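Here are my notes for anyone opening this one for the first time. Have a look at the picture, then work through the points in order.

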Amino acid sequence: MRRYLRVLFVCTLLVFCSLLYIFNQLVSSLERADHRERAPRTRAADTGLSERAQDDRCNSGSVPHWEPYWRISRAVCPNHCVTDSAPRSAPRDPLELAVVACGSRLEETLVMLKSAVLFSQRRLRFHIFAEDDLHAGFRQELESWPQRFRSKFSYSIYPISFPSDNAREWKRLFKPCASQRLFLPLILKQVDSVLYVDTDVLFLRPLEDVWSFLSRFNSSQVAAMAPEHEEPRIGWYNRFARHPYYGKTGVNSGVMLMNMTRIRDKHFKNDLAAVDLKWADLLMPLLHKYKLNITWGDQDLLNIIFHHNPESLLLIECHWNYRPDHCIYGSNCISAEQNGVYILHGNRGVYHDDKQPAFRAVYDAIKQFPLDEDPVRGLLLPLEEKLKSDHTYCGRSRLVFTRRLRESVTELQKDQDRSRRAEV
(Lines give C-alpha, C1' and ligand atoms only; values in the text may rest on other atoms or scores of the structure.)
Protein backbone atom coordinates (compact mmCIF):
# COMPACT_ATOMS: atom_id res chain seq x y z
CA MET A 1 0.00 0.00 0.00
CA ARG A 2 2.82 2.37 0.87
CA ARG A 3 4.41 1.66 -2.51
CA TYR A 4 1.23 2.72 -4.30
CA LEU A 5 0.97 5.88 -2.20
CA ARG A 6 4.55 6.80 -3.06
CA VAL A 7 3.92 6.24 -6.76
CA LEU A 8 0.77 8.36 -6.53
CA PHE A 9 2.66 11.14 -4.75
CA VAL A 10 5.42 11.13 -7.37
CA CYS A 11 2.89 11.23 -10.20
CA THR A 12 1.01 14.10 -8.55
CA LEU A 13 4.25 16.01 -8.11
CA LEU A 14 5.19 15.49 -11.77
CA VAL A 15 1.76 16.69 -12.94
CA PHE A 16 2.03 19.80 -10.71
CA CYS A 17 5.53 20.63 -12.02
CA SER A 18 4.34 20.18 -15.60
CA LEU A 19 1.39 22.52 -15.06
CA LEU A 20 3.69 25.07 -13.38
CA TYR A 21 6.10 24.92 -16.34
CA ILE A 22 3.29 25.38 -18.88
CA PHE A 23 1.90 28.35 -16.91
CA ASN A 24 5.35 29.95 -16.72
CA GLN A 25 5.84 29.57 -20.48
CA LEU A 26 2.45 31.15 -21.12
CA VAL A 27 3.24 34.16 -18.92
CA SER A 28 6.64 34.63 -20.58
CA SER A 29 5.02 34.53 -24.01
CA LEU A 30 2.51 37.20 -23.03
CA GLU A 31 5.27 39.40 -21.55
CA ARG A 32 7.34 39.15 -24.73
CA ALA A 33 4.34 40.13 -26.83
CA ASP A 34 3.63 43.09 -24.57
CA HIS A 35 7.29 44.12 -24.67
CA ARG A 36 7.30 44.06 -28.48
CA GLU A 37 4.18 46.21 -28.52
CA ARG A 38 5.70 48.81 -26.18
CA ALA A 39 9.25 48.76 -27.53
CA PRO A 40 8.84 51.65 -30.01
CA ARG A 41 7.40 53.87 -27.28
CA THR A 42 10.16 52.89 -24.84
CA ARG A 43 12.95 53.60 -27.32
CA ALA A 44 11.42 56.97 -28.11
CA ALA A 45 11.30 57.86 -24.42
CA ASP A 46 14.86 56.67 -23.77
CA THR A 47 16.55 58.82 -26.39
CA GLY A 48 16.49 61.85 -24.11
CA LEU A 49 15.62 64.00 -27.12
CA SER A 50 11.87 63.62 -27.52
CA GLU A 51 10.64 64.96 -30.84
CA ARG A 52 7.38 65.84 -29.14
CA ALA A 53 8.94 67.88 -26.34
CA GLN A 54 6.66 70.87 -25.85
CA ASP A 55 7.15 74.28 -24.29
CA ASP A 56 5.76 74.62 -20.79
CA ARG A 57 3.06 77.24 -21.28
CA CYS A 58 1.20 79.21 -18.68
CA ASN A 59 -2.30 79.94 -19.97
CA SER A 60 -4.42 82.68 -18.48
CA GLY A 61 -5.90 81.59 -15.17
CA SER A 62 -4.04 78.27 -15.07
CA VAL A 63 -1.66 76.98 -12.44
CA PRO A 64 1.11 74.37 -12.62
CA HIS A 65 -0.05 70.81 -11.98
CA TRP A 66 1.60 70.05 -8.64
CA GLU A 67 1.72 66.74 -6.81
CA PRO A 68 -1.41 66.08 -4.71
CA TYR A 69 0.15 67.13 -1.39
CA TRP A 70 1.16 70.54 -2.74
CA ARG A 71 -1.21 73.46 -2.34
CA ILE A 72 -1.14 76.71 -4.27
CA SER A 73 -2.47 79.80 -2.52
CA ARG A 74 -2.65 82.01 -5.60
CA ALA A 75 -3.03 81.72 -9.35
CA VAL A 76 0.25 81.80 -11.21
CA CYS A 77 -1.07 83.41 -14.40
CA PRO A 78 -1.55 85.95 -15.76
CA ASN A 79 0.05 88.12 -13.08
CA HIS A 80 3.01 85.88 -12.30
CA CYS A 81 3.74 84.11 -15.55
CA VAL A 82 4.96 85.71 -18.74
CA THR A 83 4.75 83.66 -21.90
CA ASP A 84 6.40 85.16 -24.93
CA SER A 85 4.40 84.89 -28.12
CA ALA A 86 7.18 85.60 -30.60
CA PRO A 87 6.83 83.34 -33.66
CA ARG A 88 9.30 80.49 -34.00
CA SER A 89 11.73 80.52 -36.85
CA ALA A 90 13.69 77.38 -36.01
CA PRO A 91 12.41 74.12 -37.52
CA ARG A 92 13.46 72.08 -34.51
CA ASP A 93 12.25 72.21 -30.92
CA PRO A 94 14.00 74.91 -28.86
CA LEU A 95 16.67 74.11 -26.32
CA GLU A 96 15.25 74.53 -22.82
CA LEU A 97 17.25 76.56 -20.27
CA ALA A 98 16.13 77.04 -16.64
CA VAL A 99 17.46 79.44 -14.02
CA VAL A 100 16.38 80.58 -10.55
CA ALA A 101 16.94 84.22 -9.55
CA CYS A 102 16.32 85.83 -6.17
CA GLY A 103 17.57 88.87 -4.31
CA SER A 104 20.18 90.87 -6.20
CA ARG A 105 20.67 88.33 -9.00
CA LEU A 106 18.76 90.14 -11.75
CA GLU A 107 21.77 91.63 -13.56
CA GLU A 108 23.86 88.48 -13.18
CA THR A 109 21.06 86.35 -14.63
CA LEU A 110 20.60 88.69 -17.59
CA VAL A 111 24.32 88.51 -18.40
CA MET A 112 24.07 84.71 -18.33
CA LEU A 113 21.08 84.76 -20.68
CA LYS A 114 22.92 87.20 -22.93
CA SER A 115 25.87 84.83 -23.23
CA ALA A 116 23.50 81.99 -24.15
CA VAL A 117 21.77 84.01 -26.87
CA LEU A 118 25.04 85.44 -28.24
CA PHE A 119 26.63 82.17 -29.25
CA SER A 120 23.83 79.65 -29.77
CA GLN A 121 22.68 78.84 -33.30
CA ARG A 122 19.58 76.96 -32.12
CA ARG A 123 16.45 78.65 -30.87
CA LEU A 124 16.26 78.83 -27.05
CA ARG A 125 13.45 78.70 -24.53
CA PHE A 126 14.13 80.33 -21.13
CA HIS A 127 12.33 79.21 -17.97
CA ILE A 128 13.03 81.96 -15.43
CA PHE A 129 11.99 81.36 -11.83
CA ALA A 130 12.20 84.64 -9.92
CA GLU A 131 10.84 86.57 -6.99
CA ASP A 132 7.88 88.73 -7.94
CA ASP A 133 9.71 92.06 -7.74
CA LEU A 134 12.22 90.89 -10.38
CA HIS A 135 9.68 89.99 -13.08
CA ALA A 136 9.33 93.49 -14.52
CA GLY A 137 13.11 93.88 -14.75
CA PHE A 138 13.43 90.68 -16.74
CA ARG A 139 10.63 91.64 -19.12
CA GLN A 140 11.96 95.13 -19.69
CA GLU A 141 15.53 94.05 -20.44
CA LEU A 142 14.75 91.01 -22.57
CA GLU A 143 12.24 92.91 -24.69
CA SER A 144 14.80 95.68 -25.30
CA TRP A 145 17.36 93.45 -27.01
CA PRO A 146 17.85 93.94 -30.79
CA GLN A 147 15.32 92.03 -32.86
CA ARG A 148 17.96 89.79 -34.47
CA PHE A 149 18.77 88.41 -31.02
CA ARG A 150 15.24 88.75 -29.69
CA SER A 151 14.02 86.39 -32.40
CA LYS A 152 16.39 83.66 -31.19
CA PHE A 153 14.56 82.96 -27.93
CA SER A 154 11.26 82.89 -26.10
CA TYR A 155 10.76 82.94 -22.36
CA SER A 156 8.41 82.29 -19.47
CA ILE A 157 8.70 83.81 -16.00
CA TYR A 158 7.43 81.87 -12.99
CA PRO A 159 7.03 82.71 -9.30
CA ILE A 160 9.14 80.98 -6.68
CA SER A 161 7.03 78.23 -5.14
CA PHE A 162 7.65 75.26 -2.86
CA PRO A 163 5.45 72.66 -1.15
CA SER A 164 3.35 74.81 1.15
CA ASP A 165 3.94 72.73 4.29
CA ASN A 166 7.71 73.32 4.15
CA ALA A 167 8.07 76.35 1.89
CA ARG A 168 10.12 78.42 4.34
CA GLU A 169 12.44 75.52 5.07
CA TRP A 170 13.09 74.87 1.37
CA LYS A 171 13.61 78.55 0.57
CA ARG A 172 16.20 78.99 3.32
CA LEU A 173 17.96 75.69 2.74
CA PHE A 174 21.04 77.32 1.19
CA LYS A 175 21.11 80.48 -0.89
CA PRO A 176 17.69 82.11 -1.36
CA CYS A 177 15.53 79.99 -3.65
CA ALA A 178 18.40 77.75 -4.82
CA SER A 179 16.52 74.56 -3.95
CA GLN A 180 13.82 75.49 -6.48
CA ARG A 181 15.84 73.52 -9.02
CA LEU A 182 14.95 70.28 -7.23
CA PHE A 183 11.30 70.77 -8.16
CA LEU A 184 11.74 71.60 -11.86
CA PRO A 185 10.69 68.09 -13.00
CA LEU A 186 7.48 68.45 -10.97
CA ILE A 187 6.67 71.98 -12.15
CA LEU A 188 7.64 71.84 -15.84
CA LYS A 189 5.63 68.71 -16.49
CA GLN A 190 5.36 69.29 -20.25
CA VAL A 191 9.12 69.79 -20.69
CA ASP A 192 11.06 66.68 -21.66
CA SER A 193 14.60 67.89 -20.93
CA VAL A 194 16.18 71.06 -19.56
CA LEU A 195 19.59 72.54 -18.84
CA TYR A 196 19.59 74.12 -15.39
CA VAL A 197 22.35 76.65 -14.60
CA ASP A 198 23.10 78.92 -11.67
CA THR A 199 22.83 82.65 -12.26
CA ASP A 200 26.64 83.03 -12.09
CA VAL A 201 27.24 80.87 -15.17
CA LEU A 202 28.48 82.17 -18.53
CA PHE A 203 28.38 80.32 -21.84
CA LEU A 204 31.59 80.65 -23.85
CA ARG A 205 30.39 78.11 -26.41
CA PRO A 206 26.94 77.52 -27.95
CA LEU A 207 24.44 76.00 -25.54
CA GLU A 208 23.80 73.21 -28.01
CA ASP A 209 27.28 71.84 -27.26
CA VAL A 210 26.31 70.81 -23.74
CA TRP A 211 22.77 69.91 -24.87
CA SER A 212 24.29 67.24 -27.12
CA PHE A 213 25.08 65.13 -24.04
CA LEU A 214 21.43 64.14 -23.91
CA SER A 215 21.96 61.98 -26.99
CA ARG A 216 24.86 60.26 -25.21
CA PHE A 217 22.83 59.16 -22.19
CA ASN A 218 22.54 55.42 -21.87
CA SER A 219 19.21 53.90 -20.93
CA SER A 220 19.72 54.42 -17.17
CA GLN A 221 21.11 57.97 -17.08
CA VAL A 222 18.82 60.86 -16.15
CA ALA A 223 21.23 63.77 -15.62
CA ALA A 224 24.74 65.06 -16.34
CA MET A 225 26.97 67.07 -13.99
CA ALA A 226 30.67 67.81 -13.53
CA PRO A 227 32.76 66.84 -10.46
CA GLU A 228 32.97 69.23 -7.52
CA HIS A 229 36.76 68.81 -7.50
CA GLU A 230 39.42 67.31 -9.73
CA GLU A 231 42.05 67.09 -7.01
CA PRO A 232 40.99 65.08 -3.92
CA ARG A 233 43.61 66.78 -1.74
CA ILE A 234 41.61 70.01 -1.90
CA GLY A 235 38.19 68.37 -2.22
CA TRP A 236 35.45 69.42 0.17
CA TYR A 237 33.16 66.39 0.14
CA ASN A 238 35.85 63.78 0.63
CA ARG A 239 37.33 65.74 3.56
CA PHE A 240 34.37 67.29 5.36
CA ALA A 241 31.00 65.87 4.23
CA ARG A 242 28.81 64.25 6.89
CA HIS A 243 26.53 62.59 4.37
CA PRO A 244 26.86 60.30 1.31
CA TYR A 245 28.09 61.92 -1.90
CA TYR A 246 28.70 60.91 -5.48
CA GLY A 247 32.01 59.31 -6.49
CA LYS A 248 35.35 60.40 -5.03
CA THR A 249 34.82 64.15 -4.73
CA GLY A 250 31.10 64.76 -5.24
CA VAL A 251 29.41 66.69 -8.06
CA ASN A 252 28.66 70.37 -8.58
CA SER A 253 25.07 71.18 -9.50
CA GLY A 254 25.65 74.66 -10.96
CA VAL A 255 25.38 73.16 -14.44
CA MET A 256 22.90 70.30 -14.54
CA LEU A 257 21.50 68.75 -17.70
CA MET A 258 18.31 66.81 -16.95
CA ASN A 259 16.10 64.40 -18.85
CA MET A 260 13.09 65.28 -16.75
CA THR A 261 10.84 62.66 -18.32
CA ARG A 262 13.15 59.98 -17.00
CA ILE A 263 13.48 61.71 -13.61
CA ARG A 264 9.71 61.79 -13.22
CA ASP A 265 9.37 58.12 -14.20
CA LYS A 266 12.32 56.62 -12.34
CA HIS A 267 12.22 54.90 -8.95
CA PHE A 268 15.38 55.87 -7.07
CA LYS A 269 17.31 53.69 -4.66
CA ASN A 270 17.69 55.37 -1.26
CA ASP A 271 18.50 54.91 2.42
CA LEU A 272 15.07 56.10 3.54
CA ALA A 273 12.81 53.16 2.78
CA ALA A 274 12.94 49.49 1.86
CA VAL A 275 11.54 50.31 -1.58
CA ASP A 276 12.72 52.60 -4.37
CA LEU A 277 11.02 56.00 -4.40
CA LYS A 278 9.93 58.36 -7.15
CA TRP A 279 11.41 61.86 -7.26
CA ALA A 280 8.28 63.50 -5.84
CA ASP A 281 8.27 61.12 -2.85
CA LEU A 282 12.02 61.31 -2.22
CA LEU A 283 12.78 64.99 -1.65
CA MET A 284 10.93 65.75 1.58
CA PRO A 285 12.06 62.64 3.52
CA LEU A 286 15.60 63.27 2.30
CA LEU A 287 15.53 66.82 3.66
CA HIS A 288 14.16 65.66 7.01
CA LYS A 289 16.86 63.03 7.42
CA TYR A 290 19.88 65.10 6.41
CA LYS A 291 19.00 68.75 7.07
CA LEU A 292 21.31 68.93 10.10
CA ASN A 293 24.22 67.36 8.19
CA ILE A 294 24.22 69.23 4.88
CA THR A 295 26.20 72.40 4.15
CA TRP A 296 25.53 73.17 0.48
CA GLY A 297 21.78 72.65 0.54
CA ASP A 298 20.18 71.23 -2.58
CA GLN A 299 23.56 70.29 -4.09
CA ASP A 300 24.17 68.02 -1.10
CA LEU A 301 20.76 66.39 -1.58
CA LEU A 302 21.59 65.73 -5.23
CA ASN A 303 24.90 64.18 -4.17
CA ILE A 304 23.06 61.89 -1.76
CA ILE A 305 20.59 60.83 -4.46
CA PHE A 306 23.28 60.02 -7.01
CA HIS A 307 25.46 58.32 -4.41
CA HIS A 308 22.73 55.70 -4.19
CA ASN A 309 22.05 55.81 -7.96
CA PRO A 310 25.47 56.30 -9.61
CA GLU A 311 24.32 54.55 -12.78
CA SER A 312 21.82 57.37 -13.32
CA LEU A 313 24.41 60.15 -13.69
CA LEU A 314 26.64 61.00 -16.65
CA LEU A 315 29.81 62.64 -15.35
CA ILE A 316 31.08 65.38 -17.67
CA GLU A 317 34.49 67.04 -17.63
CA CYS A 318 35.41 70.16 -15.71
CA HIS A 319 35.62 72.50 -18.72
CA TRP A 320 31.81 72.29 -18.82
CA ASN A 321 31.68 73.83 -15.31
CA TYR A 322 34.92 75.73 -14.77
CA ARG A 323 35.14 77.41 -11.36
CA PRO A 324 37.76 79.31 -9.32
CA ASP A 325 38.56 76.04 -7.52
CA HIS A 326 40.13 74.86 -10.77
CA CYS A 327 42.84 77.52 -10.74
CA ILE A 328 43.16 79.42 -7.44
CA TYR A 329 45.73 76.92 -6.12
CA GLY A 330 47.21 76.18 -9.53
CA SER A 331 45.60 74.70 -12.59
CA ASN A 332 43.92 71.35 -11.91
CA CYS A 333 41.38 71.09 -14.77
CA ILE A 334 43.27 69.22 -17.48
CA SER A 335 40.36 69.22 -19.92
CA ALA A 336 40.22 73.05 -19.80
CA GLU A 337 43.94 73.25 -20.50
CA GLN A 338 43.42 71.04 -23.52
CA ASN A 339 40.09 72.39 -24.83
CA GLY A 340 39.56 75.76 -23.19
CA VAL A 341 36.59 76.65 -21.00
CA TYR A 342 33.16 75.93 -22.47
CA ILE A 343 31.03 77.06 -19.50
CA LEU A 344 32.39 79.46 -16.86
CA HIS A 345 30.96 79.28 -13.34
CA GLY A 346 31.85 82.29 -11.21
CA ASN A 347 30.85 81.04 -7.79
CA ARG A 348 32.35 82.55 -4.61
CA GLY A 349 31.07 85.91 -5.88
CA VAL A 350 34.15 86.37 -8.09
CA TYR A 351 32.26 88.37 -10.74
CA HIS A 352 31.71 91.16 -8.24
CA ASP A 353 35.00 91.51 -6.33
CA ASP A 354 38.69 91.71 -7.15
CA LYS A 355 39.80 88.35 -5.78
CA GLN A 356 39.83 86.61 -9.18
CA PRO A 357 40.26 89.29 -11.89
CA ALA A 358 40.16 86.77 -14.75
CA PHE A 359 36.61 85.69 -13.91
CA ARG A 360 35.45 89.26 -13.44
CA ALA A 361 37.07 90.30 -16.72
CA VAL A 362 35.04 87.73 -18.67
CA TYR A 363 31.84 88.75 -16.90
CA ASP A 364 32.42 92.47 -17.51
CA ALA A 365 33.34 91.87 -21.17
CA ILE A 366 30.04 90.10 -21.89
CA LYS A 367 28.01 92.48 -19.74
CA GLN A 368 29.40 95.61 -21.45
CA PHE A 369 29.37 94.26 -25.01
CA PRO A 370 26.66 96.03 -27.03
CA LEU A 371 24.63 93.48 -28.94
CA ASP A 372 24.96 93.75 -32.71
CA GLU A 373 28.41 95.37 -32.57
CA ASP A 374 31.62 93.75 -33.85
CA PRO A 375 32.28 90.96 -31.29
CA VAL A 376 36.00 90.76 -32.06
CA ARG A 377 36.74 94.43 -31.42
CA GLY A 378 33.98 94.90 -28.87
CA LEU A 379 34.39 91.74 -26.79
CA LEU A 380 37.34 89.47 -27.54
CA LEU A 381 40.24 91.92 -27.99
CA PRO A 382 39.42 94.05 -24.91
CA LEU A 383 39.10 90.88 -22.83
CA GLU A 384 42.44 89.46 -24.00
CA GLU A 385 44.10 92.79 -23.19
CA LYS A 386 42.52 92.88 -19.74
CA LEU A 387 43.63 89.34 -18.93
CA LYS A 388 47.27 90.21 -19.57
CA SER A 389 47.37 92.31 -16.41
CA ASP A 390 46.12 89.49 -14.16
CA HIS A 391 49.02 87.74 -12.42
CA THR A 392 47.03 85.52 -10.07
CA TYR A 393 47.11 81.74 -10.51
CA CYS A 394 43.90 81.95 -12.54
CA GLY A 395 45.30 84.85 -14.57
CA ARG A 396 48.35 82.81 -15.49
CA SER A 397 45.94 80.33 -17.10
CA ARG A 398 44.29 83.10 -19.12
CA LEU A 399 44.37 81.13 -22.39
CA VAL A 400 41.80 78.69 -21.01
CA PHE A 401 39.32 81.58 -20.76
CA THR A 402 39.68 82.67 -24.40
CA ARG A 403 40.58 79.58 -26.42
CA ARG A 404 37.01 78.47 -27.12
CA LEU A 405 35.60 81.96 -26.74
CA ARG A 406 37.69 83.08 -29.70
CA GLU A 407 36.07 80.40 -31.86
CA SER A 408 32.60 81.41 -30.62
CA VAL A 409 33.26 85.08 -31.33
CA THR A 410 34.56 84.29 -34.81
CA GLU A 411 31.42 82.28 -35.57
CA LEU A 412 29.26 85.11 -34.21
CA GLN A 413 31.05 87.67 -36.37
CA LYS A 414 30.51 85.55 -39.50
CA ASP A 415 26.84 85.21 -38.63
CA GLN A 416 26.49 88.97 -38.20
CA ASP A 417 28.24 89.59 -41.53
CA ARG A 418 25.83 87.20 -43.26
CA SER A 419 22.85 88.96 -41.69
CA ARG A 420 24.06 92.37 -42.81
CA ARG A 421 24.63 91.18 -46.37
CA ALA A 422 21.15 89.66 -46.42
CA GLU A 423 19.65 92.97 -45.29
CA VAL A 424 21.44 94.81 -48.11
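**Notes on the disulfides, a helix pair and a strand**

1. Cys327 and Cys394 form a disulfide, with their sulfur atoms 1.9 Å apart; the term here covers a pair of cysteine sulfur atoms within 2.5 Å. The link of Cys327 and Cys394 is right-handed, with 85° about the S-S bond. Cys327 sits in the loop between S11 and H12 and Cys394 in helix H15 (residues 393-396), so this pair ties together parts that are 67 residues apart in sequence. Helices (H or I, at least four residues) and strands (E, at least two) are DSSP runs, numbered from the N terminus.

2. A word on what you are looking at: this is a predicted model, where local features need pLDDT of at least 70, side-chain atom pairs count only at pLDDT 80 or more, and totals for chains, interfaces and linings use all residues. Residues are numbered from 1 along each chain as its sequence is written, and side-chain values use heavy atoms, with hydrogens and water left out.

3. Are Cys327 and Cys394 buried or exposed? Cys327 counts as buried at 0% relative accessibility, and Cys394 is likewise buried at 0%. Buried means under 20% relative accessible area, exposed over 50%, and partly exposed in between (1.4 Å probe, protein chains only).

4. Next comes the link of Cys318 and Cys333, whose sulfur atoms are 2.0 Å apart. This disulfide is right-handed, with 105° about the S-S bond. Both ends lie in the loop between strand S11 (313-315) and helix H12 (334-339), 15 residues apart. Cys318 is buried, with a relative accessible area of 3%, and Cys333 is buried at 1%.

5. Cys102 and Cys177 are joined by a disulfide too, S to S 2.0 Å. Here the link is left-handed, with -100° about the S-S bond. It links distant parts of the chain: Cys102 is in the loop between strand S2 (95-101) and helix H2 (106-119), and Cys177 is in the loop between helix H5 (167-171) and helix H6 (184-187), 75 residues apart. Cys102 is buried, with a relative accessible area of 6%, and Cys177 counts as buried at 0%.

6. How many disulfides does that make? The count comes to three. With bonded cysteines counted along the chain, they follow the pattern 1-2, 3-5, 4-6.

7. Now the helix pair. H2 and helix H3 (residues 135-144) pack at an angle of about 35°, with their axes 11 Å apart. Axes are lines fitted to C-alpha atoms, for helices over the stretch in contact, and angles run from 0 to 180 degrees between N-to-C directions. Leu106, Thr109, Leu110 and Leu113 in H2 meet Gly137, Phe138, Glu141 and Leu142 in H3, where contact means heavy atoms within 4.5 Å. The residues of this contact divide into five nonpolar, two polar and one charged; Ala, Val, Leu, Ile, Met, Phe, Trp, Tyr, Cys and Pro count as nonpolar, Asp, Glu, Lys and Arg as charged, and the others, Gly among them, as polar.

8. Last, have a look at strand S8 (residues 251-259), which is mostly covered: nine of its nine residues are buried. Strand S5 (residues 193-197) pairs with S8 in the antiparallel sense over five bridges, and two strands pair if DSSP finds at least two bridges between them. Leu195 has Leu257 in S8 as its bridge partner. Strand S7 (residues 223-227) also pairs with S8 in the antiparallel sense, over four bridges, and the partner of Ala223 in S8 is Met258.
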